[in-house]
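Student: I've got a model open and I'd like to learn how to read it. Can you take me through it feature by feature?

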Amino acid sequence: LGYLNKRIFGAVMRYLVIEDRDDKRIAVEGQIRFLDADGTIEAADNLDDARVLMLTNSYDLIVFDIYLPARKGEEEQDISDDLISVFARSKNYHCESIALTLFADSDLPLSKFNGHGITVVSYDDDDHWKESLKQKIDRMAVKPRSDFLVFCALGKERAAFQKANAKLLNLSPIAGLNCQELVIDG
C-alpha cells in the first residue's frame with residue numbers, strides 16, 4: 001500500500017518530522033525511507049522551526065514529539081499545547097499525524113492529541129512505534145490527491161481533454177463516480 005498513491009496518482013509523499021533528539025529523528029526518518037523511498041522528508045528540532053514549516057507547507061504525514069525546545073539552544077519542555085495550536089491553525093490539520101514520545105503511557109497527554117486526531121504512541125525499544133507509523137503511511141497512501149477536479153456531465157466534455165495538452169490515464173470508479181485522472185503539465 002505504501003506506494004499505491006505514488007504509482008497510481010504520481011504523487012510524492014511529503015513528511016514532516018518534528019524531533020529534537022538526533023538518534024530518534026534518524027530512526028524515524030529511516031523507517032519512513034524504508035516504507036517510502038521516494039518520499040520527501042523535512043525536519044524541525046524546535047517549536048519555532050516546526051511552526052514555520054507547518055504554516056507554510058503542506059504535508060501528507062506529520063510526526064510530532066511532545067517535548068521540544070521552544071527555540072534553538074533552549075532546553076526541551078512540554079510544548080504539546082503550542083504544537084497542537086499551530087497544527088489546528090495550519091493547512092495540515094487534516095493530514096495524517098502521529099506523536100512518538102519516549103514518555104510512559106501514564107505520562108502522555110492523550111486527550112490533548114486525540115482530540116485533534118493525532119495518534120500518540122510510545123517510542124520504545126520494542127519497535128511497536130514502527131507498526132503504528134506504517135499504518136499511518138499506508139492510510140495516507142490510499143487517499144487520492146489532486147490539485148484540482150473537473151466535473152463533466154457529458155462524455156463529450158471529458159473527450160475535449162483528449163485534444164488538450166493532457167495525459168489521460170485510466171478510468172476508475174471513485175465513490176460511485178466514473179472518474180478519469182489526467183495530468184496537465186506535470
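Predicted model: local features only at pLDDT ≥ 70, side-chain atom pairs only at ≥ 80, totals over all residues.

Student: Let's start with Leu 149: does it count as buried or exposed?

Tutor: Buried means under 20% relative accessible area, exposed means over 50%, and partly exposed is in between, using a 1.4 Å probe and protein chains only. Leu 149 has 63% relative accessibility, so it counts as exposed. You'll find Leu 149 in the loop between helix H6 (128–141) and helix H7 (155–163).

Student: How many helices and strands does the chain have?

Tutor: Both are DSSP runs numbered from the N terminus: helices are H or I with at least four residues, strands are E with at least two. Here the chain has seven helices and nine strands. Of its 186 residues, 38% count as buried.

Student: What about S1, which strands does it pair with, and over how many bridges?

Tutor: S1 pairs with S2 in the parallel sense over five bridges, and with S3, again parallel, over three bridges. To find these on screen, look for Ile 18, whose bridge partner in S2 is Ala 44, and Tyr 15, whose bridge partner in S3 is Leu 61. S1 is mostly covered, with four of its five residues buried.

Student: Which residues have the most contacts inside the largest nonpolar core?

Tutor: A nonpolar core is a set of buried Ala, Val, Leu, Ile, Met, Phe, Trp, Tyr and Cys residues joined through side-chain atoms within 4.5 Å. The largest one has 22 residues, and Ile 18, Met 54, Ile 62, Phe 64 and Leu 83 have the most contacts inside it. The elements giving two or more residues to this core are strand S1 (14–18), helix H3 (47–56), S3 and H4. There's also a second, separate core of 17 residues, which includes Val 28, Leu 100, Trp 129 and Leu 133.

Student: And what does Ile 62 touch?

Tutor: Contact means heavy atoms within 4.5 Å. Leaving aside neighbours within four places in sequence, Ile 62 has contacts that include Leu 16, Ile 18, Met 54 and Phe 87.

Student: How many aromatic pairs are there?

Tutor: A pair of aromatic rings is described by the distance of the centres and the angle of the planes. Rings of Phe, Tyr and Trp (its six-membered ring) pair if their centres lie within 6.5 Å; planes under 30 degrees apart are stacked, over 60 edge-to-face, and the rest tilted. That rule gives four aromatic pairs. One of them joins Phe 64 and Phe 87: the centres are 5.3 Å apart and the planes at 85°, so this pair is edge-to-face. Phe 64 is in strand S3 (residues 61–64) and Phe 87 in helix H4 (residues 80–89), so the pair ties together parts 23 residues apart in sequence. Both Phe 64 and Phe 87 are buried.

Student: How are the rings of Phe 64 and Phe 113 arranged?

Tutor: Their centres are 6.5 Å apart and their planes at 65°, so that pair is edge-to-face. Phe 113 belongs to helix H5 (residues 110–114), so its pairing with Phe 64 in strand S3 ties together parts 49 residues apart in sequence. Phe 113 counts as buried, at 0% relative accessibility. Ring pairs link Phe 64, Phe 87, Tyr 93 and Phe 113 into a cluster.

Technical notes
Residues numbered from 1 in each chain as written. Heavy atoms only, no water. Pairing = 2+ DSSP bridges.
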